[in-house]
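Please look first at the sequence and the structure below, and keep both in view while you read the explanation that follows.

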Amino acid sequence: GFLPRSLCWQAMLAGTSAGASSSTTALVPTDTATEPADQPTDQPPTSLSGIRPILQNIVATCNLGIALDLKTIAMHARNAEYNPKRFSAVIMRIRDPKTTALIFKSGKMVVTGAKSEEQARQAARKFARIVQKLDFPARFTDFKIQNMVGSCDVKFPIRLEGLAYKHSHYSSYEPELFPGLIYRMVQPKIVLLIFVSGKVVLTGGKVRNEIFSAFEQIYPVLQEFRKLPAAAAATALTPAT
């Protein structure tokens with residue numbers, strides 16, 4: 001089965017395979033360490049660019065610690081849907097915070113859509129409480145942030161062809177298939193989608209400082225490949241007399 005279209009991107013960012021129900025073990029870590037209540041207490045890196053990426057989506061996982069009857073949950077919970085022919089999890093939504101949960105038979109749960117670490121934890125607890133109210137002795141364990149997605153706009157166009165050529169070891173750019181350049185940073189391990197318009201999407205962080213640090217590292221590169229206006233480019237190419 002496949003994820004509904006609206007969830008394909010979030011599930012991909014969560015590191016799961018959209019087609020396999022057996023992939024739930026990949027979504028949820030085997031360790032039992034619980035994350036601190038809120039991670040952004042660390043001081044963010046100094047912003048030399050003057051631009052700070054905005055967190056757009058946080059993907060978190062937790063374990064309810066019990067096998068679940070998904071049909072019962074779908075029948076009695078509000079804003080829940082379950083179509084095992086398409087996807088092997090209940091899809092449940094809440095409005096505050098506006099998030100979506102994928103609840104699996106094993107008791108493992110993926111929460112997407114939160115805009116902060118605390119929102120992700122709060123939403124996961126709310127979903128766990130909904131399951132508890134349906135007479136399942138669910139617990140809230142193994143909460144962990146799996147992925148953060150941030151975005152920003154540098155406000156100038158970028159020469160993606162030149163960037164891809166000079167940074168070929170880290171870049172993939174095939175405009176016939178996808179309009180953005182995919183830049184795989186090694187440290188921190190962040191994937192950036194860079195568009196000719198100057199918009200940048202950053203994904204793969206476990207803490208927000210990884211997103212901020214990755215952007216501070218890539219910003220000088222983006223400036224180097226800033227696309228000049230046509231008149232300025234012509235002037236730069238004209239030899240001095």
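**Salt bridges, sheet and loops**

Glu224 is partly exposed, having a relative accessible area of 39%, where buried stands for under 20% relative accessible area, exposed for over 50%, and partly exposed for what lies in between (1.4 Å probe, protein chains only). This is a predicted model, in which local features need pLDDT of at least 70 and side-chain atom pairs count only at pLDDT 80 or more, while totals for chains, interfaces and linings use all residues. Residues are numbered from 1 along each chain as its sequence is written, and side-chain values use heavy atoms, with hydrogens and water left out.

Glu224 forms a salt bridge with Lys166, their closest N and O atoms being 2.5 Å apart; the term stands for a side-chain nitrogen of Lys or Arg within 4 Å of a carboxyl oxygen of Asp or Glu. This pair links distant parts of the chain, since Glu224 belongs to helix H6 and Lys166 to helix H5, 58 residues apart. Helices (H or I, at least four residues) and strands (E, at least two) are DSSP runs, numbered from the N terminus. Lys166, at 52% relative accessibility, counts as exposed.

By this rule the count comes to four salt bridges. Among them is the one between Arg208 and Glu117, whose closest N and O atoms are 2.7 Å apart. Here too distant parts of the chain are linked, with Arg208 in helix H6 and Glu117 in helix H4, 91 residues apart. Glu117 is buried, with a relative accessible area of 3%. Asp153 and Lys199 also meet through their side chains in a salt bridge (3.3 Å, N to O). Because Asp153 lies in strand S6 and Lys199 in strand S10, this pair ties together parts that are 46 residues apart in sequence.

Turn now to the sheet. It is an open sheet of 10 strands with antiparallel pairing, in the order S2-S3-S4-S5-S1-S6-S10-S9-S8-S7, where two strands pair if DSSP finds at least two bridges between them. At its edges are strand S2 (80-81) and strand S7 (171-172), each of which pairs on one side only.

Within this order, strand S4 (residues 98-104) has six of its seven residues buried, so it is largely enclosed by the rest of the structure. Strand S3 (residues 89-95) pairs with S4 in the antiparallel sense over seven bridges, and Met92 stands opposite Ala101 in S4. A hairpin through two residues joins S3 to S4. Pro97 lies in the loop between these strands, S3 and S4, and the peptide bond from Asp96 to Pro97 is cis, with omega near -5°. S4 is also joined by four bridges to strand S5 (residues 108-114), the two running antiparallel, and Ile103 has Met109 in S5 as its bridge partner. In the hairpin of S4 and S5, with three residues between the strands, Gly107 takes a positive phi near 100°.

Two other loops hold residues with a positive phi. Asp135, in the loop between helix H4 (117-133) and strand S6 (141-153), has a positive phi of about 70° although it is not a glycine, and at 71% relative accessibility Asp135 counts as exposed. Lys155, found in the loop between S6 and helix H5 (160-166), has a phi near 70°, again a positive value in a residue other than glycine, and at 69% relative accessibility Lys155 counts as exposed.
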